[in-house]
Amino acid sequence: MLTAPFPHLRLRRLKQSQWMRDLVAEYHLSVADLLLPIFVTDQQQASPIQTLPGVHRHPIADAVTMARKAKAAGIPGILLFPVIDAALKSPDGIEAVNPDNLICQTVRAIKKAVPGVGIICDVALDPYTSHAHDGLLNVTGDVDNDATLAVLFQQAVILAQAGADVVAPSDMMDGRVAAIRTALDAAGFPQVAIMSYAAKYASSFYGPFRDALANQGRLKGDKKTYQADPANRQQLLRDVAQDVAEGADMLIVKPGMPYLDMLWQVKQQFGLPTMAYQVSGEYAMLQFAAAAGALNYDQTLLESLLCFKRAGADAIITYAALEAAALISTKTSE
């Protein structure tokens, strides 16, 4: 990098006023960069999630309202996550392939009521299994990779049939992207995109999400045999490379803030549209820290989201999408 010596060069010149800082800003955050996760329940009333302040489990009608709010705010897409009744959970997660399950009903309702908003549906079995793993278990209690694939591609197809625009496999099984792509194409859904959780770490930051699904405490063992080790970089890049080779259209790096280095490397190395997921634990930390008076929530939220953009994110999945959209719109209109 060429530079002049002080005092001819004064780096503070470009920092002196807001208009100048805006003029030379290298990265910008817009509402179009945001994606909103929504938890859907079959209960009649919305219920708050204690470890996720401000986030609720929504009945289908309320999920439709949330989708409508997202579209009105300029948010291009939503992610749907089911909160399944315990009576419907089973070792084989068979409810995941029920074409009239909670998520399929929700997709159809949103497609009818809120045309034009993108619908992204999770493909994994942990909301549906009684053991809370993302896959089926074999006789020794280990996750059976290949048996799981046979369920995942069926799940992806019924979601596409319901109207999902994008399926997002978060299970981390080997070969899942190829299995899903092949099944979608064979079923007549070549236009349905795959947004792969290709860079998903076995993280402690997922705790509030598991609370939301009522999975906290039900998981036997952990997910370290299929999610990535936080100590590893090259191993994760091999996971991403496999998904890209199998036909992934978009990639997700999860969690976000603790793994900005991986977000940067995934984007630089593969070049596909890459999403950062500001996961439940990250969002909750901002909320609880702000409630304790430790930081300014609005300012810190926008700063954290801008950091994802700087690290290479094309879009950001965040539970604060509606809040962030309002803040961005207010700032833009000033």
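Let's start with Arg 233 and Asp 261, whose side chains meet in a salt bridge, 3.3 Å from N to O. Please keep in mind that this is a predicted model. Arg 233 sits in the loop between α6 and α7, while Asp 261 belongs to helix α8, residues 260-270, so this pair ties together parts that are 28 residues apart in sequence.

Asp 314 is partly exposed, with a relative accessible area of 33%.

How many salt bridges does the structure hold? There are twelve. Let me show you one more, between Asp 134 and Lys 223, with the closest N and O atoms 2.6 Å apart. Asp 134 is in the loop between β5 (118-123) and α4, and Lys 223 is in the loop between α6 (207-212) and α7 (234-245), so the pair bridges parts that are 89 residues apart in sequence. Both of these residues are buried. They also belong to a network: salt bridges with shared partners join Asp 126, Asp 134, Lys 200 and Lys 223.

Now for the nonpolar side of things. The largest nonpolar core has 112 residues, and those touching the most other members are Phe 39, Ile 78, Leu 80 and Leu 184. Which helix gives the most to this core? That would be α4, residues 145-162, with nine residues. If you click on Leu 184 and leave aside residues up to four places away in sequence, you'll find contacts that include Ala 156, Val 157, Ala 160, Phe 189 and Ile 194.

Leu 14, Trp 19, Leu 23 and Val 24 make a nonpolar patch of about 440 Å². Val 24 is in the loop between α1 (18-23) and β1 (34-41), and counts as partly exposed at 36% relative accessibility.

Last, the cysteines. The disulfide count comes to zero. For Cys 104, the nearest cysteine sulfur is that of Cys 121, 7.5 Å away. Cys 104 is buried, with a relative accessible area of 0%, and Cys 307 is buried as well, at 14%.

How values were computed:
Residues numbered from 1 in each chain as written. Predicted model: local features only at pLDDT ≥ 70, side-chain atom pairs only at ≥ 80, totals over all residues. Heavy atoms only, no water. Patch = residues over 30% accessible without salt bridge, like charges linked within 9 Å, V, L, I, M, F, W, Y side chains within 5 Å. Areas by Shrake-Rupley, 256 points an atom, 1.4 Å probe, with all protein chains shown as cover. Salt bridge = Lys/Arg side-chain N within 4 Å of Asp/Glu carboxyl O. Helix = DSSP H or I, 4+ residues; strand = E, 2+ residues; numbered from the N terminus. Buried < 20%, exposed > 50% of the residue type's maximum accessible area, 1.4 Å probe, protein only. Core = buried A, V, L, I, M, F, W, Y, C linked by side-chain atoms within 4.5 Å. Contact = heavy atoms within 4.5 Å. Disulfide = S-S within 2.5 Å.
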